[in-house]
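The structure is shown below.

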Amino acid sequence: MPVTKAQRIVFSLLMAFAMVYGMELYNQALMAGGLTSEMLLAPLADIVPLMAAVIALETLVGGRIAHRLTFGLLDPAKVPSLLITVSMGAFTCWSMCPMMSLVATPAFKQPPVGELVATWLQTVAMNFPMARLWQLFVAGSAVRAILRLLRKTPLLAD
């Protein structure tokens, strides 16, 4: 996990990129009825504004909720650090998925005003399982591995 401010910034940028890319690819595949090779670059078109939304929402809301819930339920002195990491990821997804689905629903699905809530709820229901699995098994693991490598460089050393 990141220790210094520079490490936290790099971690946030990498995690935002990984989650936005993965979830955008997933949602585009859902809307198209399946994944194709041509779709692999499509999420890059919207990556910067969505990363900005992720970072802002995670910093202001999602990260705070995840931290409060994790450390309210678990004592870091009594549980393995892996449990803290998994819990933080779970609670971050739990809080971020509804918020990012609310950002994405009108932007990408453009439902009629009367159907916004229903479309948003369906989007959350479809996205949450994938967001959690993607964060746990792909994005979180990859970003932590990259951060471990970068911590060996003078730029991000402890």
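Of the 158 residues in the chain, 37% are buried, where buried means under 20% relative accessible area, exposed over 50% and partly exposed in between (1.4 Å probe, protein chains only). The structure is a predicted model, in which local features need pLDDT of at least 70, side-chain atom pairs count only at pLDDT 80 or more, and totals for chains, interfaces and linings use all residues. Residues are numbered from 1 along each chain as its sequence is written, and side-chain values use heavy atoms, with hydrogens and water left out.

The mean pLDDT of the chain (the predictor's confidence in each residue, from 0 to 100) is 96, and 100% of the residues score at least 70.

The chain holds 4 helices and 0 strands; these are DSSP runs (helices H or I, at least four residues; strands E, at least two), numbered from the N terminus. The order of elements from the N terminus is α-α-α-α. Along the principal axes, the C-alpha atoms fill a box of roughly 50 × 35 × 25 Å.

Among contacts (heavy atoms within 4.5 Å) between residues at least 6 apart in sequence, 65% join residues at least 24 apart.

A disulfide requires a pair of cysteine sulfur atoms within 2.5 Å, and the count by this rule is 0. The sulfur of cysteine 93 lies 7.4 Å from the closest cysteine sulfur, that of cysteine 97, which is too far for a bond. Both residues are listed below.

| Residue | Relative accessible area | Class |
|---|---|---|
| Cysteine 93 | 5% | buried |
| Cysteine 97 | 8% | buried |
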